[in-house]
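Trainee: I would like to go through the packing and pairing in this model with you, one question at a time. Please show me the structure before we start.

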Amino acid sequence: MKIGIDKLHFATSHLYVDMAELATARNEAPDKYLIGIGQAKMAVIPPSQDAVTLAANAAYPMLTAADIDAIDLLIVATESGVDNSKAAAIYVAQLLGLKRRVRTIELKEACYAATAGVQFARDHVQVHPDKKALVIGTDVARYGLHTAGEPTQGGGAVTMLISANPQVLALNDDAVVLSQDVMDFWRPLYHTEALVDGKYSSNIYIDYFQDVFKTHLTEQQRTLADFKALTFHLPYTKMGLKALRSVLPLADTTQQAALLTHFEAARALNRQVGNLYTGSLYLSLLSLLVSDANLQADDLIGLFSYGSGAEGEFYTGRLQANYQHGVDLGLPQRLARRQRIDIATYEDLFTHQLQWQAADQTIDYATDPHRFVLTGQKQEQRQYRDQRG
């Protein structure tokens, strides 16, 4: 029985900053951002959006009544949680109108947690093939204004419906996992922005990829030539390119060129959005599926997931014949319609997020076009609104 990703959808803000403009404002050469880190645009998340609303906005358009009836597991993976106790999944389930007999949990391990969610969901459906699981990676990546990490910010949510007989990608039982205590990136409870040792984190990322990928090749008796494409967690897209280049010597020149071409398709949309933390790998997968015209049924796709702290995993899936029926084909057009904002507006939105304090707060959501919005806080409870409900 095949189990895997049946549907794949994405949501982000309607606002973005041009990376060349941000570079100029920070007295940097534009190519440092455009080429050096491989980013063209950065999603700007307004105060009216958070991990909960992004998740709900990503999931709602792809779910049918039949899907909602079959879902009995909702996993929300995030490192941008809105409560130290209550799972973001509880809020999301309510906004989506899921039934009460649904197990709802939140997972955390930096950018890796959505992959854990996918594997847990796969095992769940294996036991309950008549059921479906909804897995969402949702985050707002924040490092602070005028910091080294600022150009690797962003935000959004990727939602995946896991089922038997999937339309998009049948997942193989071949994962290799590596987990160690590494202080390359962390966010103490008293910080709203992450702390990161950038160069160290980049080196750990490459080391983890080398370890799990080469172990996978040995255990599965595969070669690099067996893969149609490799997809990566992309905190910034140059990071994935570095990882890919580190294994290209394992292939001949023709295969190297093909893998690089597929990688460009797999990072096309990430270049337009920025860092998604838990959703980053799966936006790359979605980018590959909507941008690459040279894919066909049964292609072997590799997925490398990484979360600082640190945990890595490499696993694979087989592309299904009707994969385009389950993917978000309209995403490139939606991204193209976003509103470009200037640096002053971006900085104002960044500094006026909902504050971590007990007082009642209100948020201006009048210009937010999304269905689900955050309207503020009342009696220490976050207030969400369905603008079309």
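Trainee: At what angle do helix α9 and helix α11 pack?

Mentor: This is a predicted model, where local features need pLDDT of at least 70 and side-chain atom pairs count only at pLDDT 80 or more, while totals for chains, interfaces and linings use all residues. Residues are numbered from 1 along each chain as its sequence is written, and side-chain values use heavy atoms, leaving out hydrogens and water. Helices are DSSP runs of H or I with at least four residues and strands are runs of E with at least two, numbered from the N terminus. With their axes 6 Å apart, α9 (residues 253–267) and α11 (residues 280–291) pack at an angle of about 110 degrees.

Trainee: How do α9 and α11 lie to each other?

Mentor: Axes are lines fitted to C-alpha atoms, for helices over the stretch in contact, and angles run from 0 to 180 degrees between N-to-C directions. Angles under 35 degrees count as roughly parallel, over 145 as roughly antiparallel, 65 to 115 as roughly perpendicular and the rest as oblique. α9 and α11 are therefore roughly perpendicular.

Trainee: Is the crossing of α9 and α11 left-handed or right-handed?

Mentor: A crossing is left-handed if the near helix is turned anticlockwise from the far one by less than a right angle, and right-handed if clockwise. For α9 and α11 the crossing is right-handed.

Trainee: Into how many nonpolar, polar and charged residues does the contact of α9 with α11 divide?

Mentor: With contact meaning heavy atoms within 4.5 Å, α9 contributes His 262, Ala 265, Ala 266 and Arg 267, and α11 contributes Ser 284, Ser 287, Leu 288 and Ser 291. Ala, Val, Leu, Ile, Met, Phe, Trp, Tyr, Cys and Pro count as nonpolar, Asp, Glu, Lys and Arg as charged, and the others, Gly among them, as polar. The contact divides into three nonpolar, four polar and one charged.

Trainee: How do α8 and α9 lie to each other?

Mentor: The axes of α8 (residues 237–247) and α9 come within 11 Å and cross at roughly 160 degrees, in a right-handed crossing. The contact on the α8 side is made by Thr 237, Lys 238, Gly 240, Leu 241 and Leu 244, and on the α9 side by Leu 259, Leu 260, Phe 263 and Arg 267. These residues divide into five nonpolar, two polar and two charged. α8 and α9 are therefore roughly antiparallel.

Trainee: And how many residues of the contact of α3 with α5 are nonpolar?

Mentor: The axes of α3 and α5 (residues 88–96) come within 9 Å and cross at roughly 40 degrees, which makes α3 oblique to α5. Val 52, Ala 55, Ala 56 and Ala 59 of α3 meet Ala 88, Tyr 91, Val 92, Leu 95 and Leu 96 of α5. No polar and no charged residues take part, and the nonpolar count is nine.

Trainee: On to the sheets: which strands are touched by α3?

Mentor: Two strands pair if DSSP finds at least two bridges between them. An open sheet of three strands has the order β16-β17-β18 with antiparallel pairing, and its edge strands are β16 (361–362) and β18. α3 (residues 51–59) packs on this sheet, its direction making about 155 degrees with that of β17. The strands touched are β17 and β18.

Trainee: In the hairpin of β17 and β18, which residue takes a positive phi?

Mentor: Six bridges join β17 (residues 372–378) to β18 (residues 381–386). Val 373 has Arg 385 as its bridge partner, while Lys 378 stands opposite Gln 381. Two residues lie between the strands, and the positive phi, near 50 degrees, belongs to Gln 379.

Trainee: What kind of aromatic pair do Tyr 346 and Phe 350 form?

Mentor: Rings of Phe, Tyr and Trp (its six-membered ring) pair if their centres lie within 6.5 Å; planes under 30 degrees apart count as stacked, over 60 as edge-to-face and the rest as tilted. Both residues lie in α13 (residues 343–351), four residues apart, about one turn of the helix. At 6.3 Å centre to centre and 65 degrees between the planes, the pair is edge-to-face.
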